[in-house]
Protein chains: 2
Amino acid sequence: MNKGRLIVFSAPSGCGKGTMLKEICRDDNYYFSVSATTREPRNGEVDGVNYRFITHDEFMSLIDSGNMLEYAEYCSNLYGTPLDKVKEELAKGKNVILEIEVVGAMKVRELRPDALFIFAVPPSLKELERRLRDRGTETEEVIQARIAKAKEEIPYASKYDYVIVNDVLEKAVEDFKAVINAESFKAENSAELLEEVIKNA
Amino acid sequence: MNKGRLIVFSAPSGCGKGTMLKEICRDDNYYFSVSATTREPRNGEVDGVNYRFITHDEFMSLIDSGNMLEYAEYCSNLYGTPLDKVKEELAKGKNVILEIEVVGAMKVRELRPDALFIFAVPPSLKELERRLRDRGTETEEVIQARIAKAKEEIPYASKYDYVIVNDVLEKAVEDFKAVINAESFKAENSAELLEEVIKNA
């Protein structure tokens, strides 16, 4: 009865999006779709985890077969959202999550009106700054650039379907799942269910 | 931040609506609004639990002050949904549940577009029949009349916002709450939140 949903998930860098996704996808009803790129893997990057590292020809053939939802070129490399695995997992009834930044997400909005758009925000920019600083891996310049970027991205949240605050991880994950569950109870999708209930007399 | 929602809840008789409401309202964030009537309490009925038993004058003064959401006369007695307590509890941030049958609910739909409409269905009419029979208190005639009524009411569910199946009580209660939570994350209500996040730099 529960059909899998296509979910587009965005959040500013430093908001804890990665940790949220990891936690959400421990649940077998969720599948995280990894982006594809033609660039070389960096040190420590794992194929199928950070990206699907594919050749230019493979990338092109995904576009040609209509299996690339959206893509962009950056520093002579192609980055995109392949749909082959997405379709496979949706068919199994899984909720498939795409992690896409705001501009790409807005493109997908037009292409896939069936998708559900969720945006996660930090409790405040102050807290975002604290988290970025706590990582201890970013220079002051990078931290300031990310905060400036977050300030630009956050207003886009109002164009999504749902906005979740990532204050306490467990709560944010619970809220994310509540949203997906609630969507499956929408009356506008209940025709088949109601027919079943009445038929079964 | 979480504002209380006005919730209109309907379900066919025998669907376990009463048990669901009892379970939901154990949570302090929920308040169940009791209907008012001018009829005399029957044996075992408790004022403020089954109904608010009020005089004709009190009923009329609630209508005159705009504090009766909807009402109807039945066998020379008035039945209605008083708003005085509802407003009080909403102001406290509670989610207030009104239990109204389908025709009354559709009237409220026009009067209160801010309200959230939830309909609970049994897994099947066969299961509804089994539950009515298991009570052991209803005559065969009453059971058949209730099933016929349920068959009439269930198609109205598509005019509500959400449809929840009451198969396993705990799951139905969880689903009900997931819907209310998810509503509070809707992006269309996020303007204030987003402003707060960005302001707090």
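Buried means under 20% relative accessible area, exposed means over 50%, and partly exposed lies in between. The model used in these exercises is predicted.

**Exercise 1. Salt bridges and burial**

Task: Find the N to O distance between A:Glu183 and A:Lys186, and decide whether the two residues are buried or exposed.

Solution. 
- Step 1. Take the pair. A:Glu183 and A:Lys186 form a salt bridge, with the closest N and O atoms 3.0 Å apart.
- Step 2. Check the cut-off. A salt bridge needs a side-chain nitrogen of Lys or Arg within 4 Å of a carboxyl oxygen of Asp or Glu.
- Step 3. Turn to accessibility. A:Glu183 and A:Lys186 are both buried.
- Step 4. The whole structure holds 44 salt bridges over all chains.

**Exercise 2. A pair in a helix**

Task: State how many residues separate A:Asp134 and A:Arg130, and which helix holds them. Then classify each by accessibility.

Solution. 
- Step 1. Confirm the contact. The side chains of A:Asp134 and A:Arg130 meet in a salt bridge at 2.8 Å, N to O.
- Step 2. Locate the residues. They lie 4 residues apart in helix α5 (residues 125–135) of chain A, so about one helical turn separates A:Asp134 from A:Arg130.
- Step 3. Classify A:Asp134. Its relative accessibility is 55%, so A:Asp134 is exposed.
- Step 4. Classify A:Arg130. Its relative accessible area is 43%, so A:Arg130 is partly exposed.
- Step 5. Widen the view. A network of salt bridges links A:Glu127, A:Arg130, A:Arg131 and A:Asp134.

**Exercise 3. A pair in chain B**

Task: Classify B:Glu138 and B:Arg135 by accessibility.

Solution. 
- Step 1. Note the link. The side chains of B:Glu138 and B:Arg135 meet in a salt bridge at 2.9 Å, N to O.
- Step 2. Take B:Glu138. At 22% relative accessibility, it is partly exposed.
- Step 3. Take B:Arg135. At 43% relative accessible area, B:Arg135 is partly exposed.

**Exercise 4. The surroundings of B:Ile63**

Task: Which residues does B:Ile63 touch, leaving out those up to four places away in sequence?

Solution. 
- Step 1. B:Ile63 sits in helix α2 (residues 56–64) of chain B.
- Step 2. Read its accessibility. The value is 21%, so B:Ile63 counts as partly exposed.
- Step 3. List the contacts. With residues up to four places away left out, B:Ile63 touches B:Met68 and B:Tyr71.
- Step 4. Look further along the chain. B:Gly80 is 17 residues from B:Ile63 in sequence, and their C-alpha atoms are 9.4 Å apart.

**Exercise 5. Relating the two chains**

Solution. 
- Step 1. Compare the interfaces. Of the interface residues of chain B, 100% are also interface residues in chain A, so the copies meet through the same surface.

**Exercise 6. The cavity**

Task: Which residues line the largest cavity?

Solution. 
- Step 1. Count. The whole structure has 1 cavity of 30 Å³ or more.
- Step 2. Size. The largest cavity holds about 40 Å³ of space.
- Step 3. Lining. The residues are A:Phe32, A:Ser33, A:Val34, A:Ser35, A:Thr81, A:Leu98, A:Glu99 and A:Ile100.
- Step 4. Elements. Strands β2 (30–33) and β7 (95–99) of chain A each give two or more residues to this lining.
- Step 5. The lining has 4 nonpolar, 3 polar and 1 charged.

Definitions and conventions
Residues are numbered from 1 along each chain as its sequence is written. Chains are lettered from A and ligands numbered from 1 in the order in which they are written. This is a predicted model: local features need pLDDT of at least 70, side-chain atom pairs count only at pLDDT 80 or more; totals for chains, interfaces and linings use all residues. Side-chain values use heavy atoms; hydrogens and water are left out. Buried means under 20% relative accessible area, exposed over 50%, partly exposed in between (1.4 Å probe, protein chains only). Contact means heavy atoms within 4.5 Å. On a 1 Å grid over the protein atoms alone, a cavity is a set of points where a 1.4 Å probe fits but cannot get out, and a pocket is an open set with protein on both sides within 12 Å along at least five of seven lines; lining residues have an atom within 4 Å of a point. Grid points are joined across faces, edges and corners, and a volume is the space filled by probe spheres set on the points. Ala, Val, Leu, Ile, Met, Phe, Trp, Tyr, Cys and Pro count as nonpolar, Asp, Glu, Lys and Arg as charged, and the others, Gly among them, as polar.
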